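The sequence and structure are shown first.

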Amino acid sequence: MLSLFISWELVSWSSFLLMASGRHTVKYALRYVIYAMAGAMAVMGAMALVWNAAGNLSFAGLQSAVTHMGTAPLWTLVLLLFFGFGIKMAVLPFHLWQANAYAFLPGPASAFLGAISSRMGLFAVLVVLIRLLGIVKLESLSIVGSFSARDLLAWVSLLTLIIPTFIALRQYDARLLLAWHGIGQGGYMLIGVLVGTEMGAAGGLMHVFNHATYQAILSLPAMESEAKAGSPQ
């Protein structure tokens, strides 16, 4: 988990440098840093819980800690991890930093961040919450009645795929359309995995590759359009 955290922060600060490279995106990059630091603190808090329960930060230690945690600490662990990783993934309601930060960058930077870096949050969710904690454990954590942690994540995914996609349809700038559309696609990917079936997981993961290819191709012409359009309104 410590290796994951260090690599996570390297991606965060590399993304910040790319965002700050645009002529009109410095203020959006600074907004991203605030979100990223909050997410990093959440992941660090989750690591502290694991250390307290297992005495180490290995993935095996995390799996062992989960079996001994009570309901309240386990809920805290899940929420901290999802908050930290969800910011990078830009799921609702942690999505407000992404669209402008990605849309008005030079073409190559926009293509990389929108197609590749934006999926780092999904990668961490898959590794930690889905692979190590497991769908069954998320299903067993209930809030009210049969409404579980898995249901909560699924509803967040559903809102993420609906609301940003609707916002994308209302854009008159192709760059903003692509940026908002990209946020919504993360919801499709996550909800496919949360279905918990082989077909759902395969569909969600296949869409990562599918989205990365067309998002990168469509974002590359933004370099020319950004030069012609001037500063965003």
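## Basis of the description

Helices are DSSP runs of at least four residues, numbered from the N terminus. The model is a predicted one. On this numbering, histidine 95 is placed in the loop between α4 (71-89) and α5 (98-103).

## Surroundings of histidine 95

Histidine 95 has a relative accessibility of 9% and therefore counts as buried, the limit for that class being under 20%. Leaving aside residues up to four places away in sequence, histidine 95 touches Ala90, Trp180 and Ile183.

## Packing of α7 with α10

Two packed helices are described by the angle between their axes and the distance between the axes. For helix α7 (residues 120-133) and helix α10 (residues 174-194), the angle is about 20° and the axes are 11 Å apart. Helix α7 is therefore roughly parallel to α10, since angles under 35 degrees fall in that class. The crossing of this pair, α7 and α10, is right-handed.

On the α7 side, the contact is made by Leu122, Val125, Leu126 and Ile130; on the α10 side, by Met189, Leu190, Val193 and Leu194. Sorted by class, the contact of α7 with α10 comprises eight nonpolar residues, with no polar and no charged ones.

## Packing of α7 with α3

Helix α3 (residues 59-68) also packs with α7, here at an angle of about 55° and with the axes 10 Å apart. The two helices, α3 and α7, are therefore oblique to each other. Their crossing, that of α3 and α7, is right-handed.

Helix α3 contributes Phe59, Leu62, Gln63 and Val66 to this contact, while α7 contributes Val127, Val128, Arg131, Leu132 and Leu133. The residues of the contact of α3 with α7 comprise seven nonpolar, one polar and one charged.

## Packing of α7 with α1

Between helix α1 (residues 2-20) and α7 the angle is about 170°, and the axes lie 12 Å apart. Helices α1 and α7 are therefore roughly antiparallel to each other, because angles over 145 degrees are classed in that way.

In this pair, Leu4, Trp8 and Val11 of α1 meet Met120, Gly121, Phe123, Ala124 and Val128 of α7. By class, the contact of α1 with α7 has seven nonpolar residues, one polar residue and no charged residue. Val128 of α7 is listed in the contact with α3 and also in the contact with α1.

Glutamate 139 belongs to helix α8 (residues 135-140) and arginine 150 to helix α9 (residues 149-169), so the pair ties together parts that are 11 residues apart in sequence.

With a relative accessible area of 33%, glutamate 139 is partly exposed.

## Isoleucine 162 in α9

Helix α9 also contains isoleucine 162. At 44% relative accessibility, isoleucine 162 counts as partly exposed. Isoleucine 162 and glycine 187 are 25 residues apart along the chain, and their C-alpha atoms are separated by 8.2 Å.

Terms used
Residues numbered from 1 in each chain as written. Predicted model: local features only at pLDDT ≥ 70, side-chain atom pairs only at ≥ 80, totals over all residues. Heavy atoms only, no water. Axes fitted to C-alpha atoms, helices over the stretch in contact; angles between N-to-C directions. Parallel < 35°, antiparallel > 145°, perpendicular 65-115°, else oblique. Left-handed = near helix turned anticlockwise from the far one by under 90°. Contact = heavy atoms within 4.5 Å. Nonpolar A, V, L, I, M, F, W, Y, C, P; charged D, E, K, R; others polar. Buried < 20%, exposed > 50% of the residue type's maximum accessible area, 1.4 Å probe, protein only.
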